[in-house]
There are 2 protein chains.
Amino acid sequence: MPVGTRATVKTLSPAQLAEAGSQIILCNTYHLYLRPGAELIRRLGGIHRFMNWERPVLTDSGGFQVMSLQGLRKITAEGVHFQSHIDGSYHFFTPEKVMAIQNDIGADIIMSFDECPPYPSSREYLAESLRTTLDWASRGKIAHRCPEKQALFGIVQGGIHEDLREESARVLMEMEFPGYAIGGLAVGESKEELLRITSFLDGILPEKKPRYLMGVGTPQDLLDNVANGIDMFDCVMPTRNARKGTIFTSQGKMVIKSVRYIEDESPLDPECDCYTCRNFSRAYIRHLFSVDEILAMSLASLHSLHFYHELMKNLRQAIAEDRFAEFHQRMLDKLSAQEDGQ
Amino acid sequence: MPVGTRATVKTLSPAQLAEAGSQIILCNTYHLYLRPGAELIRRLGGIHRFMNWERPVLTDSGGFQVMSLQGLRKITAEGVHFQSHIDGSYHFFTPEKVMAIQNDIGADIIMSFDECPPYPSSREYLAESLRTTLDWASRGKIAHRCPEKQALFGIVQGGIHEDLREESARVLMEMEFPGYAIGGLAVGESKEELLRITSFLDGILPEKKPRYLMGVGTPQDLLDNVANGIDMFDCVMPTRNARKGTIFTSQGKMVIKSVRYIEDESPLDPECDCYTCRNFSRAYIRHLFSVDEILAMSLASLHSLHFYHELMKNLRQAIAEDRFAEFHQRMLDKLSAQEDGQ
């Protein structure tokens with residue numbers, strides 16, 4: 001899922017997003033709550049109509065953003081008091097409030113309000129925090145106004161401790177959510193620890209419901225975690241990196257501002273058939289970046305999203321044809337070989 | 001002609017430009033000469049291929065930009081010494097050099113190198129400058145490598161003095177250019193003075209060759225100067241204003257950031273059928289501007305260009321149907337009434 005923080009995936013129109021192959025996007029509850037406000041979005045017909053995006057939308061719970069407001073927030077059993085990063089105004093998020101906001105925004109998939117502890121946190125802190133998060137999940141589920149229209153996912157927490165993760169998953173599974181997210185990873189722990197947790201949860205979470213690993217990641221991360229049973233991801237990486245001139249391609253990452261591309265007439269990715277690669281040379285895109293033109297960011301974003309979507313499409317097909325392990329290995333070889341090469 | 005300074009009309013892809021209805025765009029010789037360099041563009045197949053724009057392109061001569069480098073340039077009879085605004089490096093533009101650069105860039109229409117005197121300038125300065133500009137026009141015409149492929153226009157100068165304008169036009173007409181531009185206007189003189197000069201030149205310039213008024217203007221300026229026989233215009237106004245949130249519409253100018261539009265579900269311009277107006281509300285575009293999202297600038301630019309192109313299209317049709325005067329008056333009433341109203 002591309003990230004469309006404030007009801008727009010940065011630099012791209014909905015038509016360009018569809019051209020890139022996006023099927024579902026993520027919007028941030030915290031940001032939309034502050035501007036333009038969830039009630040305004042509701043009065044304007046909901047997020048799809050507001051931003052003219054007919055395909056599915058997922059909103060996060062705002063938990064991650066609110067927890068990131070170091071010094072501007074205070075967590076209690078009831079909820080989180082915080083100050084807006086924009087104007088310092090005071091706000092209070094409870095599980096019920098967050099559910100009302102997400103009901104107003106109107107995404108197809110919405111998330112339970114959770115505490116996302118920083119890394120590293122002590123085991124004691126994580127255990128305490130988990131109890132709060134599970135209580136909030138229950139309260140949110142009760143407060144959810146339209147479960148028939150919006151699928152509410154529970155979020156598994158517990159840091160890098162398998163027993164806490166198991167406790168979290170089992171309690172949420174008893175509550176019966178239509179899907180389960182794994183939160184609190186990709187926050188600073190090693191890649192091995194992350195994969196150990198997703199592998200561990202692969203044996204616990206129900207097979208027939210979607211599993212969503214939040215905030216991940218690189219193409220390799222996607223491959224490795226799909227191997228661990230993950231179905232859904234979101235990450236700013238393809239678009240944020242693209243805006244800074246780092247492009248994901250079938251031959252690894254490319255720093256397009258490099259002088260080596262100054263006269264290069266080939267497309268960003270010779271294997272790609274996106275609008276950018278069909279129509280523009282590396283030399284042109286490098287020029288646009290070197291003179292800080294906005295078109296550089298949108299052409300690069302469109303390509304990098306298309307690359308991610310193609311990766312996932314090919315991966316789904318490999319699974320359907322029962323050749324995922326071979327596909328996984330071949331893609332890893334290809335991506336890593338070129339990262340060295342460049 | 002939308003302005004695509006560095007081989008891109010800011011924030012828009014060529015596909016979006018075509019969607020807006022652009023038939024020809026202007027690129028700036030001075031900027032392209034500095035970055036990425038004219039020879040590089042030539043080696044990459046010329047400006048059309050470089051930026052993936054198949055329709056016509058016009059390049060200016062760089063004269064206006066170079067003259068604007070106050071303190072960084074020195075004018076002689078031979079040419080203009082100047083320092084780059086980017087890195088202070090030293091450069092020398094002569095009529096021959098500017099022609100070679102424009103030949104390398106490869107636009108369909110190219111311009112003579114001219115001195116564009118500031119406003120106000122003394123009559124003596126203007127007369128002296130005019131002699132230099134006419135000499136440069138002659139030298140550029142001789143140096144032009146491929147007149148069969150690129151149409152070189154002469155530029156009429158002479159400030160607000162009719163006798164100087166007439167001298168300029170007559171000397172250029174003797175040289176027989178395929179088209180004539182009017183430069184040195186819209187630099188600070190009153191609107192009445194500008195219209196007096198274009199009206200005066202209407203009686204002198206040949207009817208059957210295109211007349212191009214450089215750097216103009218508002219919708220009203222276009223209407224008034226077409227009435228004076230002008231055929232072509234370029235201006236950053238539709239795109240630059242759009243990027244700052246001032247939108248041209250059939251009901252006058254709109255400052256979309258205004259709080260009055262916070263919950264307005266209508267399109268920017270109810271009479272418009274561009275991509276932006278077909279798909280997005282004022283409320284959404286206002287939101288995008290208020291949170292500084294780039295999509296705001298591209299949606300607004302696309303609309304404002306479409307508005308300009310539609311105005312010119314309707315105006316051409318009115319001329320063809322011999323009802324230009326009526327069209328002119330009706331449009332002026334409409335645009336000015338609403339500017340008061342808002």
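## Overall form of chain A

In this predicted model, chain A is built from 15 helices and twelve strands. Its radius of gyration is 20 Å, close to the 20 Å that the globule rule gives for 342 residues, so chain A is as compact as a globular protein of that length. The C-alpha trace of chain A spans about 60 × 45 × 40 Å along its principal axes.

Of the 342 residues of chain A, 48% count as buried. Where contacts in chain A link residues at least 6 apart in sequence, 67% of them join residues at least 24 apart.

## Strand S7 of chain A and its partners

Strand S7 of chain A covers residues 151-156, and because five of its six residues are buried, the strand is largely enclosed by the rest of the structure. On the pairing with strand S6 (residues 109-111) of chain A, three bridges join the two strands, which run parallel; here A:Met111 stands opposite A:Phe153 in S7(A).

S7(A) also pairs with strand S8 (residues 179-182) of chain A, again in the parallel sense, over four bridges, and A:Gly154 has A:Tyr180 in S8(A) as its bridge partner. The path from S7(A) to S8(A) involves helix H8 (residues 162-175) of chain A, and these three elements make a right-handed β-α-β unit. In a regular strand, the side chains alternate between the two faces of the sheet.

One of the residues involved is B:Ile155, whose bridge partner in S8(B) is B:Ala181.

## The surroundings of B:Ile182

Strand S8 of chain B also contains B:Ile182. Is this residue buried or exposed? B:Ile182 counts as buried because it has 27 C-beta neighbours inside 10 Å, where the cut-off for a buried residue is 20 or more.

Leaving aside residues up to four places away in sequence, B:Ile182 touches B:Val156, B:Thr198, B:Leu201, B:Arg211, B:Leu213 and B:Met214. For one of these, B:Arg211, the separation from B:Ile182 is 29 residues in sequence, while the C-alpha to C-alpha distance in space is 7.4 Å.

## The contact between the chains

How many residues does each chain bring to the contact? Chain A gives 30 residues and chain B gives 30 residues. On the side of chain A that touches chain B, the elements that give two or more residues are helix H3 (38-43), helix H4 (47-51), helix H13 (282-290) and helix H14 (294-320) of chain A. H13(A) gives the most to this side, with five residues. By class, the side of chain A that touches chain B holds 14 nonpolar, nine polar and seven charged residues.

Terms used: Residues numbered from 1 in each chain as written. Chains lettered and ligands numbered in written order. Predicted model: local features only at pLDDT ≥ 70, side-chain atom pairs only at ≥ 80, totals over all residues. Contact = placed C-beta atoms within 7 Å. Nonpolar A, V, L, I, M, F, W, Y, C, P; charged D, E, K, R; others polar. Pairing = 2+ DSSP bridges. Buried ≥ 20, exposed ≤ 12 C-beta atoms within 10 Å, placed from the backbone. Right-handed = clockwise from strand over helix to strand, strands pointing away. Rg over C-alpha atoms; globule rule 2.2 N^0.38 Å.
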